[in-house]
Amino acid sequence: MRAEVDAYGKINLSIDVLGRLDNGYHEVCMVMQLISLHDHLCFEDMVPGKEGGPRYGKGHDKAIKIEMKGPALDSRGEGEKHSCGGEELLPAADRDNIVWKAWELLEKRFPHKARSLQVTIEKNIPVAAGLAGGSADGAAALLALNKMWSLGLSLEELKKLGAELGADVPFSLAGQAKLNKEYGFSRDGSACTCALAEGTGTVLTPLPSWESPVVLSRPPVHVSTARVYAGIDSVDIPRRPRTDELIAGIREKNFEKISKNMVNVLENYSLKVYHNVVYTKNNMEAIIGDRGKVLMSGSGPTVYGLSRDRAVCEKACEEMSKINRETFLSRTV
């Protein structure tokens with residue numbers, strides 16, 4: 001059997017950090033929005049033992065083979081990457097691949113239905129960019145395997161499993177369910193491409209979709225999400241998002257109200273520590289000016305700009321590509 005999924009990236013229209021929970025994670029209140037930039041994943045059943053297929057690791061009767069390729073890898077000089085398992089044959093770094101983790105999660109929960117799997121991932125979303133590219137791929141794996149293995153899980157059940165893989169996975173699932181209509185969840189009330197995310201980011205309230213061009217620019221720097229969240233506790237936060245007003249703007253499709261209330265409090269730390277990020281934001285703001293809004297996505301490093309005027313975003317994309325190679329023109333979906 002074969003399944004294909006488009007796995008969409010996201011931007012954060014707002015992030016507010018409300019404090020640290022007893023479990024060490026931070027409580028957040030943020031608005032997340034899917035964008036058209038996406039990876040494409042193909043999943044196929046595989047018969048172990050065939051030439052080119054995976055061998056079994058000790059104690060394993062199933063295996064997974066993952067091939068990654070595409071411009072998001074090529075631009076970082078990584079080229080193609082292959083991994084295969086059983087666990088003993090798979091390097092530890094490759095076992096960190098979220099698609100592997102999703103397969104392993106379902107293989108352990110449903111061993112009588114699980115089968116060996118071959119996955120091809122075309123990476124278009126920049127890696128470690130604050131755009132939830134990894135979470136999108138993990139969500140795609142859960143969505144595809146639910147269908148391929150006839151697990152019969154609801155979207156809510158899939159999102160609960162996704163939360164075990166990462167805080168952004170449930171939202172990625174909600175968006176992919178909405179846009180990949182062949183999986184049967186597009187009319188589910190919790191399927192959405194824009195949402196209010198609370199708690200650790202996994203408690204979702206769907207919001208209506210709205211349209212805007214988006215320019216994205218990722219500076220060549222690695223940002224540690226853990227470092228940013230640890231650091232945010234020690235810096236002043238002079239302005240927080242007015243989330244209710246932002247949501248009202250989304251419901252009204254009022255660009256002025258949306259842009260006015262877009263605030264990411266994580267910028268208060270990231271822009272102080274990562275100079276490439278503030279350099280990118282300053283340059284994009286100089287280009288877009290008062291014709292739109294510029295904000296960092298997630299904990300960075302990607303900076304994005306919105307404008308009602310597509311020509312403004314096109315010009316920003318042209319100019320920012322001279323500064324950062326990983327610059328893209330996209331749109332909200």
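Begin with helix 3 and helix 4, where helix 3 passes helix 4 in a right-handed crossing (the near helix is turned clockwise from the far one by less than a right angle). Helices here are DSSP runs of H or I with at least four residues, strands are runs of E with at least two, and both are numbered from the N terminus. This is a predicted model, in which local features need pLDDT of at least 70 and side-chain atom pairs count only at pLDDT 80 or more, while totals for chains, interfaces and linings use all residues. Residues are numbered from 1 along each chain as its sequence is written, and side-chain values use heavy atoms, leaving out hydrogens and water.

The axes of this pair come within 8 Å and cross at roughly 35° (axes are lines fitted to C-alpha atoms, for helices over the stretch in contact, with angles from 0 to 180 degrees between N-to-C directions). Now select Ile98, Val99, Ala102, Trp103 and Leu106 in helix 3; they meet residues of helix 4 including Gly134, Asp137, Ala141 and Leu145. Contact means heavy atoms within 4.5 Å.

Stay on Val99. Which residues does Val99 touch, not counting those up to four places away in sequence? They are Leu41, Phe43, Ile64, Ile66, Val119, Ile121, Asp137 and Ala141.

Next, zoom out to the largest nonpolar core, which has 42 residues, with Phe43 and Val99 having the most contacts inside it. Such a core is a set of buried Ala, Val, Leu, Ile, Met, Phe, Trp, Tyr and Cys residues joined through side-chain atoms within 4.5 Å, and buried means under 20% relative accessible area (1.4 Å probe, protein chains only). Colour helix 4 (133-148) and strand 2 (26-45), among the elements that each supply at least two residues of this core. Helix 4 gives the most, with 9 residues. A second, separate core has 38 residues, including Val28, Val265, Leu271 and Cys317.

Show Thr280 and Ile287 of helix 11 with Val312 and Ala316 of helix 12, which are among the residues making the contact.

Finally, view everything: the protein has 12 helices and 11 strands, and 56% of its 333 residues count as buried.

Terms used: Buried < 20%, exposed > 50% of the residue type's maximum accessible area, 1.4 Å probe, protein only.
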